[in-house]
Amino acid sequence: MKASSSSPELDRIDRRILQQLQRDGRMTNADLAQSVHVSAATCYRRTQRLFEEGYIRGVRAEIAPARVGRGALVMVGVVLDRSTPDSFAAFEAAIRKLPVVLDCHLVAGDFDYFLKIRVRDMADFNKLHGEQLIALPGVRQTRTFFVMKEVVDNGPLSF
């Protein structure tokens with residue numbers, strides 16, 4: 001296999017398979033094979049290998065948030081009272097239990113963590129904030145940003 005500078009284990013066919021699946025995870029193997037110009041059997045083997053080697057973590061449906069009562073997108077910066085491994089671990093264990101939290105990232109800068117949360121509306125978030133977010137282990141401060149417009153959301157990886 002010819003190595004790529006960005007992904008040494010992937011050749012151009014593997015990258016094209018990943019790019020196509022990223023655009024449409026519901027493609028049939030036959031359609032995928034045709035789009036990357038290989039046989040169906042070859043495409044199937046390569047796709048299975050990409051799953052097994054962890055290049056593809058999963059395939060799932062992209063749900064329209066507003067259609068399921070989660071139209072408000074909120075970003076929350078969290079500052080903990082201590083920057084210790086134990087305080088980080090306690091916060092991370094607790095945040096994993098909140099199903100409205102879509103993403104939680106340890107960041108450098110003004111915050112310790114940055115959260116992406118989907119709720120019904122501002123009142124729903126207000127209740128969540130007052131009852132759960134500020135009660136999380138070690139939380140000293142939160143800063144909330146209500147998203148007014150989603151310009152790019154969950155865009156495809158470029159590689």
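Begin by selecting helix α5, residues 122-133, which lies across β1, β3 and β4 (contact meaning heavy atoms within 4.5 Å). Helix α5 runs at about 135 degrees to β3, where axes are lines fitted to C-alpha atoms, for helices over the stretch in contact, and angles run from 0 to 180 degrees between N-to-C directions. Helices (H or I, at least four residues) and strands (E, at least two) are DSSP runs numbered from the N terminus.

The model is predicted: local features need pLDDT of at least 70 and side-chain atom pairs count only at pLDDT 80 or more, while totals for chains, interfaces and linings use all residues. Residues are numbered from 1 along each chain as its sequence is written, and side-chain values use heavy atoms, with hydrogens and water left out.

Next, select helix α4, residues 85-95. Helix α4 lies across β1, β2, β3 and β4 and runs at about 10 degrees to β3.

Now display the four strands, which form an open antiparallel sheet in the order β2-β3-β1-β4. The edge strands, β2 and β4 (139-146), each pair on one side only. From one strand to the next, the twist averages 20 degrees. Two strands count as paired if DSSP finds at least two bridges between them.

Move to β3, in which six of seven residues are buried, that is, under 20% relative accessible area with a 1.4 Å probe and protein chains only. Strand β1 (residues 72-80) runs antiparallel to β3 and is joined to β3 by seven bridges; Leu73 has Arg118 of β3 as its bridge partner. On pairing with β2, β3 is again antiparallel, over five bridges, and Leu106 is partnered by Tyr113 of β3. Between β2 and β3, the hairpin has six residues, and Gly109 takes a positive phi near 125 degrees.

Finally, turn to the largest pocket, with a volume of about 1800 Å³. A pocket is an open set of points on a 1 Å grid over the protein atoms alone, where a 1.4 Å probe fits, with protein on both sides within 12 Å along at least five of seven lines; lining residues have an atom within 4 Å of a point. The volume is the space filled by probe spheres set on the points, which are joined across faces, edges and corners. Select Gln22, Gly58, Arg60, Glu62 and Asn154, which lie nearest the pocket's centre among its 41 lining residues. Elements that each supply at least two lining residues include α1 (12-23), α3 (40-52) and β3 (113-119).

Methods. Buried < 20%, exposed > 50% of the residue type's maximum accessible area, 1.4 Å probe, protein only.
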